[in-house]
Amino acid sequence: MIELKNLTKSFGEKQVLKDLTWSVPEGRISVIMGPSGGGKTTLLRILLGLEHADSGTVSGLEGKRLSAVFQEDRLCENVSAVSNLRLVNPALSRKSAENMLEKLGLGDALRQPVRELSGGMKRRVAIARALCTEYDVLLADEPFKGLDEETKRRTMAFFSESAREKTVILVTHDPSEAEILGGRILPLDPE
Amino acid sequence: MTTSTTEPTSKLKSILIKTGAALFWLCVWQLGAMAINQKIILVSPVQVFVRLTELVPTAAFWKAIGFSFLRITVGFLAACLAGVLLAALSARFSLIRTLTAPLMSTIKATPVASFIILVLLWVPSRNLSVVISFLMVTPIVFSNILGGISSMDSQLLEMAQVFKVRPVRRFRYLYLPQLLPFFRSACATGLGLCWKAGVAAEVIGLPRGSIGERLYTAKIYLDTPDLFAWTVVIILVSIAFERLFMFLLDRTVARLERA
């Protein structure tokens with residue numbers, strides 16, 4: 001269990017997290033939902049160790065291998081999708097990387113530099129990168145944002161299958177995504 | 001279909017325009033020389049060409065080019081290495097940055113002639129152009145690379161932190177693509193400068209068998225065709241080296257991108 005106790009975080013005058021206390025179950029998907037500016041991304045950044053909370057504690061992540069789909073794609077634009085996957089997991093064979101990308105409908109774009117891919121394709125590369133690495137906890141910030149309905153359906157099915165029995169904390173605005181993924185919903189209410 | 005026929009046409013047009021501009025200035029030069037009609041003040045392009053055809057078959061011509069080329073290139077490459085290393089260390093350690101910044105500013109602000117005369121006191125004249133081209137290029141590479149490191153994409157660095165990407169891979173995938181344009185720009189500026197400063201150093205230091213010595217001799221004997229011919233040679237060698245270096249650099253980058 002990942003335990004968050006009395007987490008508080010402010011940026012200047014603006015308080016984005018106030019006394020947040022949660023228990024996040026392991027081995028399943030948990031979906032954080034809440035309004036824009038409600039602190040969802042800040043919470044993920046704290047869990048990823050990229051931001052420090054003003055007060056409160058996070059336990060249960062010590063020694064765990066983390067993976068992430070960031071709100072932005074954060075890909076190396078000058079190299080191929082395969083190279084982006086192998087960057088985070090050097091043990092991954094070229095063939096395995098290609099298979100994974102093909103399953104996400106990127107079979108025609110394996111060798112192109114990422115900068116030549118469309119927004120939706122880049123998003124899928126970012127998702128594949130998060131899933132191809134060895135991880136214990138995956139934190140995903142609106143991973144399906146910008147995908148058309150058909151691609152989103154296909155990508156979500158692949159995501160659910162790949163992350164089965166893994167601890168996933170996923171941020172979304174879309175209740176239907178939470179429903180399809182079948183995760184436990186954690187409402188983040190700024191009040 | 002339209003694209004494939006338009007591209008060569010526009011390329012040909014561009015070549016024709018450039019050639020036309022060069023021919024225009026050659027004509028101006030030729031007419032100027034004819035109007036002055038004093039070889040000692042201004043030789044015509046035809047006379048320079050004739051002098052070049054006399055110089056090119058001689059062994060001394062190629063030896064002089066080899067002498068200067070080798071030394072200026074060594075100075076340039078050493079400056080690239082030193083500039084990159086100092087910039088990397090300055091980005092990592094603030095103490096080194098604090099110590100290096102005034103040094104680089106001083107080198108940038110000091111006149112080349114002062115450096116040449118100073119360095120002549122410490123270094124044999126035959127190696128003067130190595131040191132001078134090194135001194136001229138190092139601050140350019142240093143400031144460009146440091147600027148590149150300072151503007152690194154923090155989001156990519158966070159990504160590498162989360163995925164625990166190893167340092168060698170961080171360098172190869174994150175730093176190298178970001179820094180190469182900065183390095184390329186530094187090289188483009190530095191290559192022209194190191195030839196100018198390197199030959200200037202040779203003209204003052206007069207190392208035997210260098211291009212600078214040949215220029216100086218031409219000046220002493222008022223051999224204007226020789227002076228012009230050697231100047232043309234310096235320009236051509238400098239441009240050829242710049243093009244070759246940039247071609248090799250771009251090809252290396254393209255290979256890295258495909259890897």
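Predicted model: local features only at pLDDT ≥ 70, side-chain atom pairs only at ≥ 80, totals over all residues.

Reader: Ok, how many residues of chain A and chain B are in contact?
Author: On the chain A side there are 25 residues, and they are in contact with 16 residues of chain B.

Reader: And how much area do the two chains bury between them?
Author: About 1,800 Å², with 60% of it on carbon and sulfur atoms. In chain A, the residues that lose the most area to chain B are Arg74(A), Asn78(A) and Leu87(A), and together they make up 31% of what that side buries.

Reader: What does Arg74(A) form a salt bridge with?
Author: With Glu158(B), where the closest N and O atoms are 2.7 Å apart. The rule finds two salt bridges across the interface of chain A and chain B.

Reader: How many residue pairs are in polar contact there?
Author: Four between chain A and chain B, counting pairs with both residues at pLDDT 80 or more.

Reader: Which elements of chain A give two or more residues to that side?
Author: Strand 5 (66-69), helix 2 (81-88) and helix 4 (119-132). Helix 2 has the largest share, with four residues. By class, the side of chain A that touches chain B divides into twelve nonpolar, six polar and seven charged residues.

Reader: Switching topic: what does the domain assignment of chain A give?
Author: Domain 1 covers 1-64 + 136-191, and domain 2 covers 76-134. Their C-alpha centres lie 23 Å apart.

Reader: How many residues are in contact between those two domains?
Author: 15 residues of domain 1 of chain A are in contact with eleven residues of domain 2. The area buried between the domains is about 1,000 Å², and carbon and sulfur atoms give 73% of that.

Reader: What's the count of salt bridges between the domains?
Author: Zero between domain 1 and domain 2 of chain A. The rule does find three residue pairs in polar contact there, both residues at pLDDT 80 or more.

Reader: Last one: which element gives the most to the domain 1 side?
Author: Helix 5 of chain A, with six residues. The side of domain 1 that touches domain 2 has seven nonpolar, four polar and four charged residues.

How values were computed: Residues numbered from 1 in each chain as written. Chains lettered and ligands numbered in written order. Heavy atoms only, no water. Contact = heavy atoms within 4.5 Å. Buried area = accessible area lost by both parts, 1.4 Å probe. Salt bridge = Lys/Arg side-chain N within 4 Å of Asp/Glu carboxyl O. Polar contact = N/O pair within 3.5 Å; in protein donor to acceptor, adjacent residues only side chain to side chain. Nonpolar A, V, L, I, M, F, W, Y, C, P; charged D, E, K, R; others polar. Domains from an automatic or database assignment.
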